[in-house]
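Reader: I would like to learn how to read cavities and chain contacts in a model. Where do we start?

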Number of protein chains: 2
Amino acid sequence: MKVKEIMDKEFIAVSPEDRVVDVSLKMEETRKFTTPVVDGDGKLVGWVTSFDVMRGLRDGLELVSDIMQPPERIVHVNENDPARLAVLETAHHKLVSIPVLDDSGRVVGVVRSFDIVETLSQLYEIKVSKIFEAMNGELKGVSWDELMEAAAIITRRRTGKRIKPKEYEERIRNSTFGEAIWATGGLEKFFVGLIAIGELVIARKIARARK
Amino acid sequence: MKVKEIMDKEFIAVSPEDRVVDVSLKMEETRKFTTPVVDGDGKLVGWVTSFDVMRGLRDGLELVSDIMQPPERIVHVNENDPARLAVLETAHHKLVSIPVLDDSGRVVGVVRSFDIVETLSQLYEIKVSKIFEAMNGELKGVSWDELMEAAAIITRRRTGKRIKPKEYEERIRNSTFGEAIWATGGLEKFFVGLIAIGELVIARKIARARK
């Protein structure tokens, strides 16, 4: 996934000659805490946060050029960079938004932290049953019921708790990947549990084929 | 994971009687785009964003009580809620921060979108080799080299590209879970690939045991 797939193209942009009070109204109206400052060609020449605007309003500074941060201090990404670069920069610098440039230095979008949260959380919101369905599709010759039975056996071996295959099935239909990771104690442990289930059904399948 | 494990406890809080200009200085100094408004007991009575402060400065409103949003309009979570609730609220309402309350309604922290990004992205930054190591630990009687050999075979079957076991090993040591998911086209596809590799090594292990 590339930066351009997660960026907001409906960003606002202001000019160094704009009045601070007008920018403040524009930011409030569009609910943007930050805005890129661009020249006539759309190239990034500055960055304004609502902290800069507050300072401008407080100290009576009139123009965007009086309050903006210079381009060399702005954390930015290229539209063709991997999306995870924007994720890492956001987390590392604790930013709410990052301007996105094209190869000629023009601003083409803004990546916002809550959009990243949405994108990342979609992965977590996948139902665990979807992963089992994919597993079931891959393991030719193993039925869904056999898979659930193996899952119930592995669960009992690992937790000591008896669970019926139907109960296991209901549980994975109602729980998400994110919940499962947190419940099992991490991604690796979650995968290890799935591999154990896979190992059991494969062993049974092979044993059956040899009969 | 609970909300209290991902919240920022070093938040600022202001009082309804504080002056807007002082709050603006405090927010700028601490780089906070939002701040909870609390009463003498620390209970949430309002919420101020930098949009409210800008408006106050522009329109000459003097006190926090003149600019704050009423408590009934504030999206908040409880410290004991599951962390994913804060994640979902952040993404759904496109918020940069959410106040966290204890059972008595006192503000005990703030969840910020970039902290969520950091927490979520840590999962993505796990090396793929860690997942294979966990798999290898689970599959008793299968060596690491056998696992890499099976991975190289499955990769060739699926992509048509020849890859040596050593090259595969190098690849998974350098790539993360996040990159692997994006490269394979999603969590389910990534997992299906792992299961295929698991199936091959298990079948070989069983065949060897029967010899």
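Author: With cavities: 6 of them reach 30 Å³ or more. The general idea: on a 1 Å grid over the protein atoms alone, a cavity is a set of points where a 1.4 Å probe fits but cannot get out. Points are joined across faces, edges and corners, and the volume is the space filled by probe spheres set on them. The largest cavity holds about 50 Å³.

This is a predicted model, where local features need pLDDT of at least 70, side-chain atom pairs need 80 or more, and totals for chains, interfaces and linings use all residues. Residues are numbered from 1 along each chain as written, chains are lettered from A and ligands numbered from 1 in written order, and side-chain values use heavy atoms, without hydrogens and water.

Reader: Which residues line the largest cavity?

Author: Lining residues have an atom within 4 Å of a point. Here they are Ser121(A), Tyr124(A), Glu125(A), Gly178(A), Glu179(A), Trp182(A), Arg84(B), Val87(B) and Leu120(B). Two or more residues each come from α6 (113-124) and α10 (177-184) of chain A and α5 (83-93) of chain B. Helices are DSSP runs (H or I, at least four residues), numbered from the N terminus. The largest share, 3 residues, is from α10(A).

Reader: How is the size of an interface given?

Author: Often as the accessible area lost when the parts come together. That buried area uses a 1.4 Å probe and is summed over both parts. Chain B and chain A bury about 6400 Å², 73% of it on carbon and sulfur atoms. In chain B, Phe51(B), Arg58(B) and Trp182(B) lose the most area to chain A, together 12% of what that side buries. By contact (heavy atoms within 4.5 Å), 66 residues of chain B meet 65 of chain A.

Reader: How many salt bridges are there between chain B and chain A?

Author: The count is 14. Each is a side-chain nitrogen of Lys or Arg within 4 Å of a carboxyl oxygen of Asp or Glu. One pairs Arg55(B) with Glu28(A), with closest N and O atoms 3.6 Å apart.

Reader: Which elements of chain B give two or more residues to the side that touches chain A?

Author: They are α2 (20-30), α3 (50-59), α5, α6 (113-124), α7 (128-138), α10 (177-184) and α11 (187-210) of chain B. The largest share, 15 residues, comes from α11(B).

Definitions and conventions:
On a 1 Å grid over the protein atoms alone, a cavity is a set of points where a 1.4 Å probe fits but cannot get out, and a pocket is an open set with protein on both sides within 12 Å along at least five of seven lines; lining residues have an atom within 4 Å of a point. Buried area is the accessible area (1.4 Å probe) that two parts lose on being put together, summed over both.
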